[in-house]
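Have a look at the model first, then follow the points below.

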Amino acid sequence: MFWQVIWFILWGVLWAVYFMLDGFDLGLGTLMPFLSKEDTERRILYNAMGPFWDGNEVWLITAGGATFAAFPKTYAVMFSSLYSPLLLILFALILRGVAFEYRSKLEGDGWKKIWDCCLFIGSFLPALLFGVAFANIFEGIPFDKAGMYHGNILKLLNPYGLVGGIFFLLIFMMHGSLWLRFKTEGELSEKAKSIANKLWVLVLVFALIFLIYSKFATKLWDNYFNHPFLFILPLIAVVSLILVKVYLSKDEKFKPWLFSALTIFFATYWGVAGLFPDLFPSSIDPSASLTIYNSSSTKLTLIIMTVVALIFVPVVIGYQFWAYKKFSHVVTKEDLEY
Amino acid sequence: MSVTLLSRLQFAIATYFHFLFVPLTLGLVWLLAIYETKYVKTGDEDYKKLAKFWGKIFLINFAIGIVTGITLEFQFGTNWAKYSEYVGDVFGSLLAIEATAAFFLESTFVAVWLFGWEKLSKKAHLVSIWLVVLASNLSGLWILIANAWMQHPVGYVIKNGRAEMSNFAAVVFNPIAWLKFLHTIPASMTLAGFFVMGFSGYHILKKNNVELFKKAFRIAATFTLIAALIVVIVGHEHAAEVSKVQPTKLAAMESLWNTQKSAPMYLFLWPDAKNEKNSFEILPIPGALSFLAYQSFSAEVKGLKAFPKEDRPPVLPTFLSFRLMVGLGFLFILLAFIAFLKRDKIEEYPKFLKILLYVIPLPYLAIELGWTLAEVGRQPWIVYGLMKVKNAVSPTITSSQVLVSVIAFTVVYTLLGIAAFYLIIKTAKEGPKN
């Protein structure tokens with residue numbers, strides 16, 4: 001029991017950190033076509049994410065790997081049920097990753113346009129689809145005891161799923177514009193600030209819709225009313241979101257991004273904690289739902305994984321933090337690698 | 001086509017493609033680190049130039065390896081749900097450890113290296129490339145431990161209707177894993193060595209930065225010779241281990257039909273799977289197969305007929321990939337040996353330099369053949385002796401779904417492959433910017 005709960009908490013942390021970090025890349029990639037048409041500015045945009053996107057994406061790989069290792073049955077049923085949307089996300093992420101490395105390797109507008117397009121699609125689709133997928137998981141997925149899925153990709157795009165998708169997209173876009181605000185100077189930074197201000201209002205509106213809609217579409221809030229101390233999670237998320245606005249109007253550069261990161265982390269965790277002890281609930285047969293108890297690995301494997309996590313996760317956080325600090329400088333025309 | 005067949009096709013496309021890029025990453029990173037170490041030690045700017053120049057190619061290549069790796073990890077769940085459920089307790093943890101212990105390190109420090117030329121001290125920058133060496137090799141090790149478990153499952157018990165971990169150390173110290181590791185890493189180094197020698201020769205022939213590329217060549221020649229030798233030596237040990245743990249693979253790779261003592265090795269033969277014999281067998285070396293497998297000329301080697309038909313791998317591809325791979329392995333030793341001997345005056349051998357340029361695709365071929373041997377030779381098992389491929393596929397996916405994704409993989413990967421190799425070759429031919 002104990003080890004399953006530990007891995008449930010870690011599982012949530014991995015997804016939350018992934019969204020908190022890759023969120024700004026995905027959001028900025030989505031915003032790029034609207035932020036600038038000019039090549040140097042676009043290159044600055046690429047370079048603002050350049051040293052980080054890859055390290056950020058590894059959190060996704062780790063989240064996937066941890067699902068496989070700690071809850072293999074959930075991994076199997078979740079990934080095969082969500083076959084088409086998941087592969088769509090993966091293809092999109094492939095295009096995005098390659099866009100970074102290839103765009104500036106050849107001269108020629110056509111070449112660059114192709115990769116700009118790839119960056120946009122490769123950022124927009126995952127941002128939206130991760131939201132849709134998680135909202136659908138919150139609602140429950142139509143699968144039976146044999147692990148057979150009885151839905152289709154259109155059913156995933158139900159109203160609640162779409163609200164979740166749009167919420168993810170908006171908050172990532174805000175997160176991205178705040179990163180750009182922090183990483184650049186002059187006109188581009190100002191543009192990013194004004195976009196972030198506008199997006200903040202939309203994020204707030206959709207956050208409220210999503211929180212209230214969840215009361216009707218999901219059972220997420222049940223855990224909160226049964227264990228009121230959990231309300232601290234959505235509370236931190238909401239307070240952080242308000243602080244984003246406060247620090248934006250104080251013209252701070254880094255703090256708005258930091259608090260938007262906290263918003264994403266705790267908003268994700270709000271949903272994860274609401275699921276407990278489910279990982280992948282079934283909407284058609286509650287007894288088919290995959291929980292941390294009926295889908296986990298053995299105690300031995302969970303203990304081994306815990307030891308690995310205890311050793312390596314702090315080290316990873318240490319050097320990623322160091323790398324973020326090392327490359328936290330403002331990106332200008334002078335330091336363009338991509 | 002059935003879901004199983006399509007899923008196999010998809011996994012094969014994804015893996016072969018991924019493995020066109022990963023070996024250059026694994027091998028070239030050693031050369032980058034060696035060149036940069038030379039620069040830091042001697043202060044010779046040429047070596048910095050070399051590290052930067054080959055580094056550019058490394059990054060173009062690295063990007064594809066990264067993004068195509070994720071689809072592999074996720075495909076176990078999307079297409080092979082029954083497998084994932086059955087073995088996840090053992091297999092899943094290996095993938096998760098790879099990500100946590102190695103992949104983070106690799107991705108973070110590749111970026112630090114690329115963006116850090118001006119931001120880091122010389123020594124810190126050098127440390128970052130050595131960390132990439134460490135991380136990429138560790139990453140390879142964990143993946144091969146996972147693959148080795150599919151080849152030769154150890155350290156598990158069957159309980160609760162699945163394979164459960166019983167001995168983690170046995171899984172990690174699976175001899176097949178370490179033989180695979182010590183075979184695959186030097187094979188990747190050989191590939192990278194030929195790549196660097198080939199394109200250095202190209203520039204030497206073009207009289208472009210001759211002194212610079214002679215320095216590149218000198219180091220690469222020694223590096224390649226050592227690596228090529230290790231590949232063959234460990235490869236032999238690996239085959240001997242296979243004879244113990246995967247007798248069907250050994251019989252198929254040698255196309256041996258009848259169990260026999262003092263089994264000979266034929267220099268030329270052609271398998272005829274339909275009639276369970278070889279169409280022809282020429283030039284036998286008496287007892288050689290027994291000796292190579294069991295270190296005794298009289299040992300008994302099991303033939304394919306000793307196993308039920310449905311438990312045998314496809315003979316022709318297993319046999320051919322093994323033969324061709326071995327032949328290429330010896331060719332690489334020969335070429336690397338010549339390159340090593342002539343390394344100080346290599347500009348005086350233009351014909352040999354041309355040969356080195358044109359053989360660059362061969363190590364790519366050899367390494368994909370090695371992969372073919374490992375995976376096709378394991379058929380019909382997904383985990384040898386434990387679970388068959390046909391029982392491993394996801395129950396809920398449909399053939400139309402997988403057909404669409406197979407087509408998508410084919411189209412996207414073809415375009416990416418063209419872009420990647422175009423950029424790699426173009427960058428390699430351009431040479432360093434002055």
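Helices here are DSSP runs of H or I with at least four residues, numbered from the N terminus. The model is a predicted one. With that in hand, let's start with the pocket and then turn to the interface.

**The second largest pocket**
- This pocket holds about 920 Å³ of space.
- Its lining is made up of 34 residues, and those nearest the centre are A:Leu336, A:Glu337, B:Lys56, B:Leu114 and B:Lys433.
- From chain B, α2 (45–79), α3 (81–115) and α13 (399–430) each contribute at least two lining residues.
- The top contributor is α2(B), with 6 residues.
- Sorted by class, the lining has 15 charged, 14 nonpolar and 5 polar residues.

**Where chain A meets chain B**
- Contact involves 66 residues of chain A and 65 residues of chain B.
- About 5700 Å² is buried between the two chains, with carbon and sulfur atoms giving 78% of that area.
- A:Phe68, A:Tyr83 and A:Tyr102 account for 12% of the area chain A buries against chain B, more than any other three residues.

**Polar links and the chain A side**
- Between chain A and chain B there are 0 salt bridges, while 15 residue pairs are in polar contact, both at pLDDT 80 or more.
- On the side of chain A that touches chain B, α3 (53–70), α4 (72–81), α5 (83–102), α6 (109–139) and α13 (299–326) each supply at least two residues.
- Of the helices, α3(A) gives the most to this side, with 14 residues.
- The residues of this side comprise 41 nonpolar, 17 polar and 8 charged.

Notes. Residues are numbered from 1 along each chain as its sequence is written. Chains are lettered from A and ligands numbered from 1 in the order in which they are written. This is a predicted model: local features need pLDDT of at least 70, side-chain atom pairs count only at pLDDT 80 or more; totals for chains, interfaces and linings use all residues. Side-chain values use heavy atoms; hydrogens and water are left out. On a 1 Å grid over the protein atoms alone, a cavity is a set of points where a 1.4 Å probe fits but cannot get out, and a pocket is an open set with protein on both sides within 12 Å along at least five of seven lines; lining residues have an atom within 4 Å of a point. Grid points are joined across faces, edges and corners, and a volume is the space filled by probe spheres set on the points. Ala, Val, Leu, Ile, Met, Phe, Trp, Tyr, Cys and Pro count as nonpolar, Asp, Glu, Lys and Arg as charged, and the others, Gly among them, as polar. Contact means heavy atoms within 4.5 Å. Buried area is the accessible area (1.4 Å probe) that two parts lose on being put together, summed over both. A salt bridge is a side-chain nitrogen of Lys or Arg within 4 Å of a carboxyl oxygen of Asp or Glu. A polar contact is a pair of N or O atoms within 3.5 Å; within protein, one must be able to donate a hydrogen and the other to accept it, and residues adjacent in sequence count only if both atoms are side-chain atoms.
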